[in-house]
Amino acid sequence: EAIYTNLHEIPEGLSVNGQASTYKELRMPRLQTQKAELIYRTAKPSHKDYLTCDGNGLSLKVMSTGAKKWISRFRHNKTQRYRTIGDYRGMSLREARERNIQIQTLRDTELSGFTWTLEALAQEYVRDNPRRCSKATLSATQALLIRHIQKGLLEKPVHNLRLQDIHECAKALCDTGRAETGHRLFRQTRMIIEHAYRVGKIESHPICSSKGGLPPVRAKNRAAILDLEQFRVLTGLLWKAPEDNIAINAIKIMALVFARPSEVICAQWSEIDFSAGLWVIPESRMKMRRPHGIPLTKEVTRILLHLKDMNLSGTHVFPSPVRRDKPISHSMVLRTLRSLGYAKEQMCLHGFRASAATLCIQVLRVDSTVVQAQLSHHVNKPVFDRYNRYDYFDQRQILLGRWEELILSQAIRHSGLPVQ
């Protein structure tokens, strides 16, 4: 008795199980929890989608494919509308009922005169965190909107916010040579508004179906030194610099282990095991969201032990000179590289990865698969990587040892350090 046909196809005046279908929202009495759970669990797919009503606007939508979704139904401006709450397999009946009450309350608040602004929706997006992003990513999202969208647009009601307004803000960045930032601004704004639409805070917005229409982003390689002799000159300058300089030591580690700048700068002592000769970066700090183990070579171990002997307080390997409980800033490390005489067109922090990958394949004749594994890239196609879970650790350990000998044989000799 709790199974009804698709309410979107019911015309006005047609009865459903003895109840007349009017523009007034259908409020069905809730079934007892045990009986309702049995009905929902045994609901079978049909040749078309149908709804199993629970009451107070909550329904279980059974798809023809066999999938089941919780939805919250209501009527607005004489139109049947609904919001998807979640998947049946990942949300219990009690959780669906509680979420339905929240959505109905938000809808009633909206209809009573409350209007959502883009700034308020951004705060709600950060609070809900639907994509399970890190705090740094969420903070960057908010900062991106505040920096590049006019204050008047942030405080403007979303239903009055035109697609053209957001497009002009993003296009202004593209016209100044910052096409990637412009695309990111438009994409983040669309994600915030789409999330607000999914949870029932706002009605549909034109930006949800817009592709942007912005100029394409032209891929540009990062500045890197691809000549072995020139790269040895750079490493010679690094190893001549004072060893107590934290930023210099961070750059040395980048040059030796091919890691991303953020992965090196935010390294913590708890991730390093000197007895096993291993540095494991957790998945929360990795771009690919999977842990990455880095073998510790002799020179890397020597640098880390030297930093350990400096008795720097805190958990970070490269602490900030201002606040010991925070890692050193990216800008301070970059300024240190610039102080060595390298402009942004010659070398950048991310360029150490390109230099290492190119020279290992060109000079050392190493298999590109091993180099990609050390770079923490997908070695093969993503589908094949799900089956091939070998991390090439032994080959990468040999690779880092050969790479260290290649670039430091001349650098250590000129720096005056003892050759180990």
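Glutamate 124 touches Trp116 and Lys201 when residues up to four places away in sequence are not counted; contact here means heavy atoms within 4.5 Å. The model is a predicted one, in which local features need pLDDT of at least 70, side-chain atom pairs count only at pLDDT 80 or more, and totals for chains, interfaces and linings use all residues. Residues are numbered from 1 along each chain as its sequence is written, and side-chain values use heavy atoms, with hydrogens and water left out.

Glutamate 124 is part of helix α3. Helices (H or I, at least four residues) are DSSP runs numbered from the N terminus, as are strands (E, at least two). With a relative accessibility of 19%, glutamate 124 counts as buried, a word used for values under 20% relative accessible area, while exposed means over 50% and partly exposed in between (1.4 Å probe, protein chains only). The side chain of glutamate 124 also makes a polar contact with the side chain of arginine 127, at 2.6 Å. A polar contact is a pair of N or O atoms within 3.5 Å; within protein, one must be able to donate a hydrogen and the other to accept it, and residues adjacent in sequence count only if both atoms are side-chain atoms. Glutamate 124 and isoleucine 192 lie 68 residues apart in sequence, and their C-alpha atoms are 8.7 Å apart in space.

Two packed helices are described by the angle and the distance between their axes. The axes of α3 (residues 118-128) and α7 (residues 179-198) come within 9 Å and cross at roughly 80°. Axes are lines fitted to C-alpha atoms, for helices over the stretch in contact, and angles run from 0 to 180 degrees between N-to-C directions. Helix α3 is therefore roughly perpendicular to α7; this label covers 65 to 115 degrees, with under 35 roughly parallel, over 145 roughly antiparallel and the rest oblique. Leu118, Leu121, Ala122, Tyr125 and Asp128 of α3 meet Thr189, Met191, Ile192, Ile193, His195 and Ala196 of α7.

A second pair to look for is α9 (residues 246-257) and α12 (residues 330-339), which pack at about 85° with axes 9 Å apart. These helices, α9 and α12, are thus also roughly perpendicular. Here Ala247, Ile248, Ile251 and Met254 of α9 meet Met332, Val333, Thr336 and Leu337 of α12.

Finally, the cysteines: cysteine 53 is buried at 6% relative accessible area, and cysteine 169 is buried at 8%.
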